[in-house]
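Here are some friendly notes to read alongside the model. Please keep the viewer open as you go through the points.

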Amino acid sequence: MSWTRGLKYVVVPRHAAQLVESRGLAIASKAKKGGKGGAADAAKTPALSKELKSTIVFGANILKEGSDPKIQPDSEYPEWLWHLLNKRPVLSELRRKDPKTLPYEDLKRFVKLDNRSRIKENNALTAKN
């Protein structure tokens, strides 16, 4: 407990505070100072122009060196990308349909979901209570 009392008098940079497990202690020490430049210590976010916001994907750069990628026209992206968010039928819908008339992708999905549900049922029956 005594080492936490000593921390409130130490000024820790924000990036160093993120590395420590007790990150809340370092940030709480700034709040306890009162009116002594509390607003001046807060990091200000830069205002971005609309042009910059619409041309760059912020936060997508995972490399230490480099920059965020620019947004390209839709024709530059692969066709499968636009279908990722399409709703796929759930198991109850697939069970209502005739398996002979299902498209191949839906049939594969039906088999996978049906097997998964049967495994869960069997596990629930054989589970020890």
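1. A residue is called buried under 20% relative accessible area, exposed over 50% and partly exposed in between, using a 1.4 Å probe and protein chains only. By that rule, 11% of the 129 residues in the protein are buried.

2. A word on the source: this is a predicted model, where local features need pLDDT of at least 70, side-chain atom pairs count only at pLDDT 80 or more, and totals for chains, interfaces and linings use all residues. Residues are numbered from 1 along each chain as its sequence is written, and side-chain values use heavy atoms, with hydrogens and water left out.

3. The protein has 7 helices and 0 strands, where helices (H or I, at least four residues) and strands (E, at least two) are DSSP runs numbered from the N terminus. Along the sequence the pattern reads α-α-α-α-α-α-α.

4. Helix 7 covers residues 104–126, and its end C-alpha atoms are 33 Å apart. That agrees with the 33 Å that its 23 residues should span at 1.5 Å a residue; the expected span is 1.5 Å times one less than the number of residues.

5. Which residues of helix 7 are buried? They are D106, R109, F110, L113, D114 and S117. Helix 6 (91–96) is included in what covers them. As background, an α-helix has 3.6 residues a turn, so residues three or four places apart point the same way.

6. Take R109 in helix 7: R109 counts as buried because its relative accessible area is 17%. Leaving aside residues up to four places away in sequence, R109 touches R88, P89 and L94. R109 and L94 are 15 residues apart in sequence, and their C-alpha atoms are 8.6 Å apart.

7. S117 also deserves a look. This residue of helix 7 is buried, with a relative accessible area of 17%. With residues up to four places away in sequence not counted, S117 touches L91 and R95.

8. Finally, the largest pocket is lined by R88, P89, E105, D106, K108, R109 and K112. A pocket here is an open set of points on a 1 Å grid over the protein atoms alone, where a 1.4 Å probe fits, with protein on both sides within 12 Å along at least five of seven lines; lining residues have an atom within 4 Å of a point.

Terms used:
Contact means heavy atoms within 4.5 Å.
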